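User: I'd like to learn how to read helix packing and a few local features in a model like this one. Can you take me through it step by step?

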Amino acid sequence: MSKQFKSGFVAIVGRPNVGKSTFMNYVLGQKIAIMSDKAQTTRNKIQGVYTNQDCQIVFLDTPGIHKPKHELGNFMVESAYSALKEVDAVLFMVNAAEKRGPGDDFIIEKLKKIKTPVFLVLNKIDLISPDELLDRVESYQETIPFAGIIPISVLQGNNVQELMTTLTNHLPEGPQYYPSDQITDHPEYFVVSELIREKILHLTKEEIPHSVAVTVDKMQKDEFDKVHVYANIIVERPTQKGIIIGKGGKLLKEIGVRARKDIEQLLGNKVYLELWVKVEKDWRKKKSHLQDFGYRTTDYKD
């Protein structure tokens, strides 16, 4: 008798910067979610598809849940919450190197309202001692009845396979939703814009990373199979535009050089990347601009 194929949808939720995107990229073996040490790097629900001969798990990597300060923040938090309605399981990821805090408790209160099984994933266990890890587990155990508790280190790969096995065992029998070689449902335009934004996050500081959006106007191949990518970097103030461009255009060029390498790896083609920097005053506070820049609100309700 042949083994039954399993499939399902799994949301990854947690505070900013606990390793959600890093985990998904590790599992998929390819970057589709951008990574940075800056909080609130992920802004959309990014869908990643993991497939093997026994199962297909569709991960929803959500924005870090935080107290929003503008329309973009509202969009990000609503995006994270809406994922909880769409899935067969939830991974609540926390930073094991930090004690449980108000931000974690805020998310736990939301998780208490759902019927979906919740697995506690303590990431970054390589940064603490076994005794500290035990304290962390006990601190969370008292909050809600988790379907499972799995300590991992994505950086070192510790227990990640055990987590995947646990998820597979939990999922129901079901169809293969996506082809075996597909790792995301996002269009290439979206992933390309995110790769450009990632380089800005790496190369800038203070208010700049949070004030930037990236849109891709056009992607087309020429007669030599080279892909021409035309993208806009959106900022909120003229001073930010000057910072992004840099003296003599040096920073903008560096952003382009680094982004082009990742885009070429993603597309499997040589890439010509052209970047423009544009100012849209206070775009994060305007719903119309959020829609224009690809941040579409959800209908999540408590």
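Analyst: Happy to. Start with contact, which means heavy atoms within 4.5 Å. Helices (H or I, at least four residues) and strands (E, at least two) are DSSP runs, numbered from the N terminus. This is a predicted model, where local features need pLDDT of at least 70, side-chain atom pairs count only at pLDDT 80 or more, and totals for chains, interfaces and linings use all residues. Residues are numbered from 1 along each chain as its sequence is written, and side-chain values use heavy atoms, with hydrogens and water left out.

User: Which residues of α6 meet α8, then?

Analyst: From α6 you have E188, V191, V192, L195, I196, E198, K199, I200, H202 and L203, and they meet L251, E254, I255, R258, A259, D262, I263, L266 and L267 in α8. Sorted by class, that contact has 12 nonpolar, one polar and six charged residues. For the classes, Ala, Val, Leu, Ile, Met, Phe, Trp, Tyr, Cys and Pro count as nonpolar, Asp, Glu, Lys and Arg as charged, and the others, Gly among them, as polar.

User: What describes the geometry of two packed helices?

Analyst: Two packed helices are described by the angle between their axes and the distance between the axes. Axes are lines fitted to C-alpha atoms, for helices over the stretch in contact, and angles run from 0 to 180 degrees between N-to-C directions. Here α6 (residues 188-203) packs on α8 (residues 250-267) at about 140 degrees, and the axes are 9 Å apart. That makes the α6 and α8 pair oblique. The cut-offs: under 35 degrees is roughly parallel, over 145 roughly antiparallel, 65 to 115 roughly perpendicular, and the rest oblique.

User: What is the handedness of the α6 and α8 crossing?

Analyst: A crossing is left-handed if the near helix is turned anticlockwise from the far one by less than a right angle, and right-handed if clockwise. The α6 and α8 crossing is right-handed.

User: At what angle do α7 and α8 pack?

Analyst: Helix α7 (residues 238-245) meets α8 at about 65 degrees, with 5 Å between the axes. I243, I244 and I245 of α7 and K250, L251, L252 and I255 of α8 make that contact. By class it has six nonpolar, no polar and one charged residues.

User: And how are α1 and α5 arranged, roughly parallel or roughly perpendicular?

Analyst: Helix α1 (residues 20-28) and helix α5 (residues 160-170) pack at about 85 degrees, their axes 11 Å apart, so α1 and α5 are roughly perpendicular. In α1, F23, Y26 and V27 meet V160, L163 and M164 of α5. That contact has six nonpolar residues, with no polar and no charged ones.

User: Let's turn to burial. Is D104 buried or exposed?

Analyst: Buried means under 20% relative accessible area, exposed over 50%, and partly exposed in between (1.4 Å probe, protein chains only). D104 sits in helix α3 (residues 102-111), and it counts as buried because its relative accessibility is 2%. Setting aside residues up to four places away in sequence, D104 touches R15, F92, V94, K99 and Y140. For contrast, K221 in strand β7 is exposed, with a relative accessible area of 52%. Leaving aside neighbours within four places, K221 contacts K226, V227 and N269. K221 and K270 are 49 residues apart along the chain, and 9.6 Å separates their C-alpha atoms.

User: Where is K124 found?

Analyst: K124 is in the loop between β5 (118-123) and α4 (130-141). Its backbone is worth a look: phi of K124 is near 70 degrees, a positive value in a residue other than glycine. K124 counts as partly exposed because its relative accessibility is 23%. D225 also has a positive phi, about 70 degrees, although it is not a glycine. You'll find D225 in the loop between β7 (213-221) and β8 (227-235), partly exposed at 42% relative accessibility.

User: Now zoom out. How many helices and strands does the chain have?

Analyst: The protein chain comes to nine helices and nine strands. Of its 302 residues, 53% count as buried. Among contacts with a separation of 6 or more, 72% join residues 24 or more positions apart.
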